[in-house]
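Subject: Structure handover

Hello,

Here is the structure for you to take over. My notes on it follow below.

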Amino acid sequence: SAPSSPLSAGRPRRATAMGRVRSGGGESSGSSGSKGHGASGRGAAGGRGGGNGGGIAGGVVGRGRESRGGLGVEPVSWRSTIPLILTFGALAVALALAAHEEFSPGKPQSSSDVARIAAAGRLAADAISELGVRVRPGVTGKDLDRFLRDVLDVANASAAPLHYGGFTGGLFRPADWDLGRRICGAFDGAVGSLRRLLPGLPPLPLCGFPGHLCISVNKEICHGTPTRRPFCVGDLVKLDVAVRKDGFIGDTCATFLVAADTGAADGDGDGAAASVEAAAAASVGGAASGSRGAAAGRLAEVARETLFLGIAAVGPNRTIGDIGHAVEGHAKAEGFQVVTAFGGHGVGRNFHEPPRIMHTGEPGEGHRLIEGQVFTIEPMLTEGSALTRVEDDGWTVVTRDGSLSAQWEHTVVVAALGASILTPRRGEALPPRLEEAGARRRLLDASFPNEVAFVEMLDSGVQRLGQLWSSPRASESRIGTPAARTD
């Protein structure tokens, strides 16, 4: 046969995985890959490689119909496009839902629905107080998760986060039984390992969120899953509790600074109420100046102040931008960053409803608030960068630079004169720097220079909140004591 040309011998023409090529006087047939071995031997340039395995034609592998004068590719079957169609369909639905929450102004709740949301909110607030006294060295997130499960069983309520966002969670509730938890954990762990290799792959949780509450520690910003890692002295622990009671949701979050165990008994109501504010008080006392505990306490204190300034900005005909500016302005004036990847949301019969409440913004921007709307304000502040990433479990959001984060949250309703808090904790009061009028005004002037009208609005809003709390809630718990369980 005629010898191969220098071009075809030195630089063989390439084929796709499903193509077939001629190189000089030889042909090659084989499966996708860099080499193939077939029953009929091995092919080389100028020869023919046969068999099921394939052959090498000048280093080129190909299989498929013969292409005359060029490369050929088998036609694609319509059946092979079904997974792609389903993937893009699911993505379109997810984007539509996200856009609805992002851009919809939301609607007001009826007075009877607000009352039911408030009942769920009081239960959530009482639960977080009971959980707070149990945040001690050696206690684990799993311990708190089991305690909340039992509390909600007694109250005939359920945890809104449990199974949230999973493929099978709402239908089979597999995390309610031990084998189901193992299957879900194995699947989510495998997906987490795969996501390390393919960072663009979504979490794809099989069973949804695997806990009754979100527990986020130190660098974890939000959506932390309950684990068996014991808490240590100095840990900054965020507990986010969302309760479904009689078909309505109440959602709240508090930050706790783990202190040395004082030997307080479980269920001490006074101790629980004091512990809720422990992180905010740590920057004033109880930790050495310059220590990690003092830094964590100051972060938590400022985060709580931004929560109440955001609430003070709520009122009919005010805007979501007013809330965001109140939070962001004070946080940045104190040297902290505000996480923008996550925000507040409407609540009612559903866990997440419009509108979306951003914690950054400018006065007068965004949707106007309507009397009767119910939503959460839940600022998340960081010591360092506000950039985030999601851990391998597909849920836990952490700071990208490993810096500490703090969060506080209340569910509020837009009332005629401002905001009413639907998740007040027992014995809760305004942050110390917002209670006294003179200190408050100095703080607001420093955080919002040259914004006289905005400062006046926040000052009056905070003063109104203080008047609403002149008669704090009774100290006794409104939730039943759960029976002991071992599972």
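**Helix contacts**

In helix H9, Phe308, Leu309, Ile311 and Ala312 meet Met457, Leu458, Gly461, Val462 and Leu465 of H13. Contact here means heavy atoms within 4.5 Å. By class, this contact of H9 with H13 has eight nonpolar residues, one polar and no charged. Ala, Val, Leu, Ile, Met, Phe, Trp, Tyr, Cys and Pro count as nonpolar, Asp, Glu, Lys and Arg as charged, and the others, Gly among them, as polar.

Before the rest, some notes on the basis. This is a predicted model, in which local features need pLDDT of at least 70 and side-chain atom pairs count only at pLDDT 80 or more, while totals for chains, interfaces and linings use all residues. Residues are numbered from 1 along each chain as its sequence is written, and side-chain values use heavy atoms, with hydrogens and water left out. Helices (H or I, at least four residues) and strands (E, at least two) are DSSP runs, numbered from the N terminus.

H9 covers residues 292-312 and H13 covers residues 452-468. The two pack at an angle of about 100°, with their axes 8 Å apart. H9 is therefore roughly perpendicular to H13. Axes are lines fitted to C-alpha atoms, for helices over the stretch in contact, and angles run from 0 to 180 degrees between N-to-C directions. Angles under 35 degrees count as roughly parallel, over 145 as roughly antiparallel, 65 to 115 as roughly perpendicular and the rest as oblique.

Helix H10 (residues 320-333) and helix H12 (residues 437-447) pack at an angle of about 90°, and their axes are 9 Å apart. These two helices, H10 and H12, are therefore also roughly perpendicular to each other. Gly329, His330 and Ala333 of H10 meet Leu443, Ala446 and Ser447 of H12. That contact of H10 with H12 divides into three nonpolar, three polar and no charged residues.

**Sheets**

Three strands form an open antiparallel sheet in the order S9-S13-S16. Strands pair if DSSP finds at least two bridges between them. S9 (337-338) and S16 (405-407) are the edge strands, each pairing on one side only. Two bridges join S9 to S13 (residues 380-382), and Val338 has Leu381 in S13 as its bridge partner. H9 lies across S13 and S16, running at about 145° to S13.

Another open sheet of three strands has the order S6-S15-S14, again with antiparallel pairing. Its edge strands are S6 and S14 (388-390), and the twist averages 40° from one strand to the next. S6 is joined to S15 (residues 397-399) by two bridges, and Glu220 stands opposite Val398 in S15.

**Cavity**

The structure holds one cavity of 30 Å³ or more. A cavity is a set of points, on a 1 Å grid over the protein atoms alone, where a 1.4 Å probe fits but cannot get out; lining residues have an atom within 4 Å of a point. The volume of the largest cavity is about 30 Å³, taken as the space filled by probe spheres set on the points, with grid points joined across faces, edges and corners. Its lining consists of Cys214, Ser216, Ile221, Cys222, His223, Lys238, Asp240, Cys253 and Gln407. Strands S5 (214-217), S6 (220-222) and S7 (236-245) each give two or more residues to this lining.

**Backbone**

The peptide bond from Pro354 to Pro355 is cis, with omega near 0°. Pro355 is in strand S11 (residues 353-357).

Regards

Conventions
1 Å grid on protein atoms, 1.4 Å probe; cavity = no way out; pocket = protein on both sides within 12 Å on 5 of 7 lines; lining within 4 Å.
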